[in-house]
Each structure stands twice: as structure tokens, then as C-alpha cells.
Amino acid sequence: MMIADGVLLIIVGIMCVVWRAASLAAIAMFIGAGFLVVGIIGVIDYITNLKLPGITGWMLFEAILDILVGLAFLCTPLAAGVVMTWLIAGAVVVGGIMQIAAALSARRAGGSKWWLFILSGVITLIFAILLFAYPTLIILLVGIFALVRGVYFIIGGCVLNKAAKQIQN
């Protein structure tokens, strides 16, 4: 089974590396479909439970918002994928800034390895800038990860198969 998983990961990895924009759009469409389904279920849930205490118009608002987000992702998947990547990059920026802030605090406290936090924070910020500039970079990294993981699974599967045969003999 590990070998089959490895082959599948390699195929997905190759697809992500070769067709980065299409892969990013496909992920956005998958997420959009999820939002759409959740929103539709939310509307149905609101209508079904309208008379129960605690059911407010905000629940319907959230469900409609989910539907709108889902439709936006489905109608413009590449743009949605880029926006998703930018949101991730924004979170990475916050992480980089926090690492640098921690480094400065560690330096004031007399820590000896504070510069490692500065280095980590700067590398994190550079990565965020790259994500902002090249949104499909995230898919390239996912593809590379899938390729490496696929090879690992195939090797691990072969080793386990060999060990199982030795145990049987």
C-alpha cells in the first residue's frame, strides 16, 4: 500500500510542479466547493430550525456569506488561489516579525543565541515576499514535498515488503 501511495504522491507532485497555476486553481475550486456546500447546508439548517431559541439572522448571514465565497472561488479559481496565497504570506509576515521581536527581547535579556531568531525572522520575511511576488511558488513547494514524500513512501514500502518476506520465510 505504501508503494501505491508513493506513486500517487509522485504523480501529484509532478502535476503541481509542471502545472502550478492549474494546481493552485484546482485547490481553490475544491475549497470553493466546500464553502458552497457548507453555505447551502447552513441555509437549510437555518430554515429548518428557525423557531428554535438562539437561531438568529446572523446564522443565515454567515451561510449566505459562505455561499458567496464558494461561488467566488468557483468562478475565479486562479484569483482566489492567489488571494489564499497572499493570506498565507500575510500570516508568514506576522510570524517573521514576531521572530525578530523575540530576538530583540532575547538580546535585551542577555541571551546568547538571539541572532538565530533574527536570521530566522529575516528568512521568514524573505519567504513571505516571495509568496507575495510569486503566488504559485506555494504549489511548487507542495509539489516538491509530494515528490520527496512519494519517493520516501516507495522506498519505505519496498523495505517493509522485504522485511515481511523475510519474516514469512
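Predicted model: local features only at pLDDT ≥ 70, side-chain atom pairs only at ≥ 80, totals over all residues.

Residues are numbered from 1 along each chain as its sequence is written, and side-chain values use heavy atoms, with hydrogens and water left out.

**Helices α4 and α5**
- Start with helix α4 (residues 77–108) and helix α5 (residues 114–133): their axes sit 8 Å apart, at an angle of about 165 degrees.
- That angle makes α4 roughly antiparallel to α5 (a label for angles over 145 degrees).
- The contact between α4 and α5 brings together 19 nonpolar residues, eight polar ones and one charged one. Here Ala, Val, Leu, Ile, Met, Phe, Trp, Tyr, Cys and Pro count as nonpolar, Asp, Glu, Lys and Arg as charged, and the others, Gly among them, as polar.

**Helices α2 and α6**
- Helix α2 (residues 20–48) and α6 cross at roughly 95 degrees, and their axes come within 9 Å.
- So α2 is roughly perpendicular to α6 (that label covers 65 to 115 degrees).
- On the α2 side, Arg20, Ser23, Leu24 and Ile27 meet Ile138, Ile139 and Leu140 of α6.
- Sorted by class, the α2 and α6 contact has five nonpolar residues, one polar and one charged.

**The largest nonpolar core**
- Ten residues, or 10 in all, form the largest nonpolar core: Cys16, Leu24, Val82, Ala89, Val92, Ala128, Leu131, Leu137, Ile138 and Ile139. Such a core is a set of buried Ala, Val, Leu, Ile, Met, Phe, Trp, Tyr and Cys residues joined through side-chain atoms within 4.5 Å.
- Two or more of these core residues come from each of α4, α5 and α6 (137–168).
- Setting aside neighbours within four places in sequence, Val82 is in contact with Leu24 and Pro135 (contact means heavy atoms within 4.5 Å).

**Two residues to look up**
- Leu160 lies in helix α6 and is exposed, with a relative accessible area of 51%. Buried means under 20% relative accessible area, exposed over 50% and partly exposed in between, using a 1.4 Å probe and protein chains only.
- Ala101 is in helix α4 and is partly exposed, at a relative accessible area of 36%.
- Ala101 and Phe117 are 16 residues apart along the chain, and their C-alpha atoms are separated by 8.6 Å.

Technical notes. Axes fitted to C-alpha atoms, helices over the stretch in contact; angles between N-to-C directions. Helix = DSSP H or I, 4+ residues; strand = E, 2+ residues; numbered from the N terminus. Parallel < 35°, antiparallel > 145°, perpendicular 65-115°, else oblique.
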